[in-house]
Amino acid sequence: MEDVKPRVLRWLEELKLASEKVENPKADLHLLVEFPRETGQKLDFIFPREEDLLLIGCAIPIPEEHQALMEKLKPREREVIIWDFRYSFSFMPVGFNLYHPEGILKRFTVSTGIYADGLTKDAFVRALTEIHKTKILGIWLMERRFGYTPPTGADKTPSTDMYV
């Protein structure tokens, strides 16, 4: 796995993706990587100890505004939202987890792994893209149900600002 880390670091540099190291006793290396570039959105890149694997993922907290709206729904309506997430995410080539105590979605995680023998630049970029697409899909599912919140920043960035 030692030869993989320099390749990944080189690709991050070639793609001009900012990264910072994170202390993690369970990992040989753990990075927070800004993706897409210049958005403030972060992905975790983890090289677990004693495994020939690169894990890429992110956790997306649901904004309190959307959680409050979800709390007002009947339990059956909440369940429909959770099933919409499950069904939509099941068609994506990534893993996911939904954290929804009492039927209120608090956050979701999206992740994928690439083993050393399959780690090419193409597989690497595809993994980044699929993680991002799945994250955006989750955000859109919430915005479709609870409405779009217009950006308030001077640069009028997309509504996903609530989720950064």
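What follows is a working chat about the predicted model shown above.

Q: What kind of model is this, and how are residues numbered?
A: This is a predicted model, in which local features need pLDDT of at least 70 and side-chain atom pairs count only at pLDDT 80 or more, while totals for chains, interfaces and linings use all residues. Residues are numbered from 1 along each chain as its sequence is written, and side-chain values use heavy atoms, with hydrogens and water left out.

Q: How many helices and strands are there, and in what order do they run?
A: The chain has four helices and six strands, and from the N terminus on they follow the order α-β-β-β-β-α-α-β-β-α. Here helices (H or I, at least four residues) and strands (E, at least two) are DSSP runs, numbered from the N terminus.

Q: How much of the chain is buried?
A: Of the 164 residues in the chain, 40% are buried, where buried means under 20% relative accessible area, exposed means over 50%, and partly exposed lies in between (1.4 Å probe, protein chains only). The accessible surface comes to about 9,600 Å², and carbon and sulfur atoms hold 53% of that surface; such areas come from the Shrake-Rupley method with a 1.4 Å probe, and for residues only the protein chains shown count as cover.

Q: And what share of the contacts is between residues 24 or more positions apart?
A: Among contacts with a separation of 6 or more, 53% are between residues 24 or more positions apart, a contact being heavy atoms within 4.5 Å.

Q: Changing topic, how many salt bridges does a search of the whole structure find?
A: The search finds nine salt bridges, each defined as a side-chain nitrogen of Lys or Arg within 4 Å of a carboxyl oxygen of Asp or Glu.

Q: Which residue does K42 pair with?
A: K42 forms a salt bridge with E20, with an N to O distance of 3.7 Å. This pair links distant parts of the chain, since K42 is in strand β3 (residues 42-48) and E20 is in strand β1 (residues 19-21), 22 residues apart. K42 is partly exposed at 34% relative accessibility, and E20 is also partly exposed, at 43%.

Q: What about R144, which residue is its partner?
A: R144 is bridged to D84, with the closest N and O atoms 3.7 Å apart, and the pair joins helix α4 (residues 121-146), which holds R144, to helix α3 (residues 75-89), which holds D84, across 60 residues. R144 is exposed at 61% relative accessibility, whereas D84 is partly exposed at 31%.

Q: How far apart along helix α4 are E130 and K133?
A: They are three residues apart in helix α4, and so are separated by about one helical turn; their side chains meet in a salt bridge at 3.3 Å, N to O. E130 is buried at 19% relative accessible area, while K133 is partly exposed at 42%.

Q: Which residues are linked in a network of salt bridges?
A: R10, E14 and K121 are linked in such a network.

Q: How far apart are the C-alpha atoms of L69 and F146?
A: Those C-alpha atoms are separated by 7.2 Å, although the two residues are 77 residues apart along the chain. L69 belongs to helix α2 (residues 64-71) and is partly exposed at 34% relative accessibility.

Q: Which peptide bond is cis, and where is P36?
A: The bond from F35 to P36 is cis, with omega near -5°, and P36 sits in the loop between β2 (27-34) and β3. E38 is in the loop between β2 and β3 as well, where it has a positive phi of about 60° although it is not a glycine, and E38 is exposed at 70% relative accessibility.

Q: What is phi of E102, and where is that residue?
A: Phi of E102 is near 55°, a positive value in a residue other than glycine. E102 is placed in the loop between β5 (95-99) and β6, and E102 is exposed, with a relative accessible area of 72%.
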